[in-house]
Structures are given as structure tokens and as C-alpha cells.
Amino acid sequence: MLLNYIKSVGQYFIMIYDTFKRMTKTSELKRLILQELDDLIINSLGIVVFISFFIGAVISIQTALNFSNPFVPKSLIGFASRQSIILEFAPTFVSIIMAGKVGSFITSSIGTMRVSEQIDALEVMGINSLNYLVFPKIVAMCFFPFVIAISMFVGILGAYIAGVYGGFLNSDEFFEGLKEDFIPFQVFYAFLKSFIFAMILATVPSFHGYYMKGGSLEVGHAATTSFVWTSVIIIFMNYFITQLLLS
Amino acid sequence: MIKVTDLHKSFDDLEVLRGLNAEFEKGKTNLIIGQSGSGKTVFLKCLLGLFIPNSGIIEYNGKAYQNFSKDEKRELSKQMGMVFQGGALFDSMTVEENVMFPLKMLTKMTSVEMKARVEEVLDRVNLINTNHKLPSEISGGMQKRVSIARAIVNKPNFLFCDEPNSGLDPRTASVIDNLIQEITHEFEITTVINTHDMNSVFEIGENIVYLENGVVAWKGTKDNIHKTTNQKLTDFVYASNLFKKVRLAQQQGL
């Protein structure tokens, strides 16, 4: 079993290497990248905005309710919301949500192409199917940090609205907390890990779809396995990057 | 022409092809037949370059594949067309886009030239007014014809078909068989068809190779398959009651 895991890891890195070989015709590649931008980035914005707004609001309310001591300044609500959203919620949890949405989409679409021999058809034509299928996804996912930036903004907006209009603190206190002890490096850290998670989101589900075996039932199985592994790798990498950059 | 000498292919401990020798002639419909698990698909995928054989030689027009440079291999793949069992059409593309795809990816033709060529091949496979339909909006027989059109659009020298008439009604299956044979003769292509269908064997089998346990157990044509003394081949070909009765009638001179 351990050998199989090691073999899969090796196969994953070979896949990434092969993705950058024998590039597809530029005109076709442009079309594919725009298509993937639409599927993976634009179509994810709705769910990201919705979740970010309400999670931001809940963070604000939870913080307010848990700090009822009059000696604790109310601006802490703004501070805690900012830290939770920028450091963890937006980059990590949105990535895990995306592992479910984007990851399953990637695995099932590539897996279906494998099952219906469309990948074999590309190879027979002399086209590097990995470059044709995976490379545009990698390029499109380079825009994932923009999604995270939107998530950060909307999350903080949700925290502001819930905190201020919920009567927990006033607008000035919120902004004071928002600016308190602000370390720009933490934003860089958040975007750096968003970018690393984006690469995981583009390649791990592609790997599970591309090398799947069997029929349509296995496509569903591969999508589930892909979600589990993408989430596990994101959570592990989150720990690793945090240890490396913040501790 | 394709010549295969002593081809071996294994998957872990399972040896699928065990020293296979065969020759597929230009301008003829060459059929590979055999029971499930006899190695037909693996053999076809070796010919297509999708599987790398463990040993043996595959020659395309007299030159061994192993001796091809990277560019020559790429050039060879441009000369190959493939009709997959399920069609393998790209779901998100229309019929026209599917057929145009090899031209777009592999040639420097202008869009006007590509459109003209697509019209020409769609007309050749008798598909009219389907250009803007998606594969899911046309019948199985039409999908096979689109697949054939896509396979021949780049004027290949080698055409490979994996069970081209599986899942089709007998009449449509016969139309597809005849279409492949006509195209083979018209464009002087080396066509290799992997099939289970005995109607195809008797209709278009100009050169038949019967596989058994990864080796060629019989070679011949549709005319001399009736006279074979190979018991396993006879059991395979005349497995259905209808064909058994036909054979009995032939033997009785009816």
C-alpha cells in the first residue's frame, strides 16, 4: 500500500513535468485558458462571495458575544475578524470549499474524457493531452488569489455589517480594530499560500481524473477521492507554510 | 502497409501479446478478430502508439517505429486516423468543430480551407445539416459517421477502427462497414478494424487475422474462412445458431 502511494506521488510529478512538454497551438491554448477562467474562476465567484459574507458576519457576532468583559475594547471585534478572515478563512477554507466545487468538476470532466476515450483520441492525433487539458487549468488557477482577495473584502464587509448594524460596536471602533497591529507580511503570506493552494487545486484533481480507470461509476469515486486528497494536501501545506513563514 | 514481427506486450505478470506476427496491406480492409481477452485492443493500441510494446517490431511503410525520430513519430501520428468504439467525440464541440479539430491542431490551413474540407468529408460520410449539432443531439450511427469523418479529414495513410459498428442496428452497421471499405479503396488507406461482428467479417474481410491468447492463430480472407479447419476459429465464427445453420447448409451444398 505504501509503495502504491509512493508510486502515485512519482506519477503526479511526472504528470506535472509532462504537462509543460509539447505545447498546444497558441490560438487553441488561448481559447482553452479563457474557457477555464470562466469555468474555474468566474463561476466560483458567486459561492465564494455568499460564503465569505456570512462567515465574516458570524465571526464578528461570535467574537462580540465571547468578549462581554467591559475591559476588553470593542475594537477587538474588528481586529479578530480581520485576522481570522485574512490569515485563515479566506485562503484556507475557501480553498477547501473550492476543492469540492472546482476539484470535483476538474476530476469528473477529465475522468469522463478518459472513460469515453477522448483522451486517447487526442493522443492518437499527436496532441499532448496533458498539456491540452491540464496546462490551461494551471494558468487559469493563477488568478485564484484574486478570488481570495474578493473573499477577504466581502468577509470583512460581512463582519462590519453584522457588527455595526447588529449593535455590537460602532463604525469607528470597527475600523480602529481593523487597522490595529496590521502587518503587511501577513497579507503576503495569505496570497502566497493561496497561490500554492491554487496549484494544488489545479493539479491534484487533474491527476485523479487523468489516471482513473474503469467506467462512469469510477468517475464519481475518483471525484470523491480527489476532494479528500486535495483537502488533505491543502490542510497539510497550510500547516507547513504557516510553520515556515510565521513561526 | 503495416508489418508486425514478434510483438510482445505484458502488464505486470500478465502477458497479453506473445510474439505476434501480422501484415496489414494498403488499400484493403484488414480485420482483427478474436474472443474477448485475446489481445485485440492491446494490439490495436500498440499499433496506434498508445501502448509501448515490451519487444518486437512494428513497421509502417517499411520503416520500424523504433527507428523513427521524434519528429517522424509526430509526423506518423498525423498520418493516422482512429475511429473509437464509442466515437470519442468531444462533447462540448459541435459536429463541425469535432471534424475540424485535427485540421486546427495539426495543419496551417486557413479557416476557409478548413471549412471547405470539413464540408467535403461530411458530405462523403453522408452527413447533411448536422454541422451545428452537438454529439448528444445526433444518433449513434451519425456519431460513428462523424467519428469516421474526423478520422479521415486529415487524409491519413492509416485508418484504425475499434469495433466501429458496436451498438448499432444491423442496417446501420452494414452502412458503416461499407463506408469504411469504400473510403479504404478510394483513398488507398491501410485500414485495420478490430471487430466482433461476424457480418463485418463476411462483408468486408479482405484480410483477416484471428487472435488467440495473444498470437495470430489464423490468417486469411472472407472467402477462405468458410474452409478453415481451425476448430477454435470455426467455433468463434459460427457461434450463433444462424451462422451454424448457414455453415451446415454450405457443407451440404445447399
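In what order do the strands of the 4-stranded open sheet in chain B lie? The order is 2-1-4-5, and the pairing is antiparallel. Keep in mind as you click around that this is a predicted model.

**Stop one: the sheet in chain B**

Colour the edges of that sheet, which are strand 2 (14-24) and strand 5 (63-64) of chain B; each of them pairs on one side only. Show side chains for B:Lys3 and look across to strand 4 of chain B: the residue standing opposite is B:Glu59. In general, strands of a sheet pair through backbone hydrogen bonds, either parallel or antiparallel.

**Stop two: helix 5 of chain B**

Next, select residues 140-152 of chain B. That's helix 5, with 13 residues, and it reaches 19 Å from its first C-alpha to its last, close to the 18 Å expected at 1.5 Å a residue. Is this helix mostly covered or mostly open? Mostly covered: 10 of its 13 residues are buried. Among the buried ones are B:Val146, B:Ile148, B:Ala149 and B:Ile152, and the list also includes B:Lys144, B:Arg145 and B:Arg150.

**Stop three: where the chains touch**

Show both chains now. The contact takes 15 residues from chain B and 12 residues from chain A. On the chain B side, the elements giving two or more residues are helix 2 (70-78), strand 6 and helix 3. Helix 3 of chain B supplies the largest share, 4 residues. By type, the chain B side divides into 10 nonpolar, 2 polar and 3 charged residues.

**Stop four: chain A and a helix pair**

Chain A has 11 helices and 0 strands. Its C-alpha trace spans about 70 × 40 × 35 Å along the principal axes, and 41% of its 247 residues count as buried.

Select residues 45-66 and 75-115 of chain A. These are helix 3 and helix 4, packed at an angle of about 145° with their axes 9 Å apart. Helix 3 of chain A passes helix 4 of chain A in a right-handed crossing. Residues making the contact include A:Ile51, A:Ile55 and A:Ile59 from helix 3 of chain A, and A:Ile85, A:Phe89 and A:Val94 from helix 4 of chain A. Altogether the contact residues divide into 14 nonpolar, 6 polar and 1 charged.

**Last stop: two positive phi values**

Pick A:Glu117, in the loop between helix 4 and helix 5 (118-124) of chain A. Its phi is near 65°, a positive value in a residue other than glycine. Why does A:Glu117 count as buried? Because 20 other C-beta atoms lie within 10 Å, and 20 or more is the cut-off.

Then jump to B:Asn129, in the loop between helix 4 and helix 5 of chain B. Phi of B:Asn129 is near 60°, again positive in a residue other than glycine. B:Asn129 has 8 C-beta neighbours inside 10 Å, so B:Asn129 counts as exposed.

Terms used
Residues are numbered from 1 along each chain as its sequence is written. Chains are lettered from A and ligands numbered from 1 in the order in which they are written. This is a predicted model: local features need pLDDT of at least 70, side-chain atom pairs count only at pLDDT 80 or more; totals for chains, interfaces and linings use all residues. The expected span of a helix is 1.5 Å times one less than its number of residues. A residue is buried if 20 or more other C-beta atoms lie within 10 Å of its own, exposed if 12 or fewer, and partly exposed in between; C-beta atoms are placed from the backbone. Two residues are in contact if their C-beta atoms, placed from the backbone, lie within 7 Å. Ala, Val, Leu, Ile, Met, Phe, Trp, Tyr, Cys and Pro count as nonpolar, Asp, Glu, Lys and Arg as charged, and the others, Gly among them, as polar. Axes are lines fitted to C-alpha atoms, for helices over the stretch in contact, and angles run from 0 to 180 degrees between N-to-C directions. A crossing is left-handed if the near helix is turned anticlockwise from the far one by less than a right angle, and right-handed if clockwise. Two strands pair if DSSP finds at least two bridges between them.
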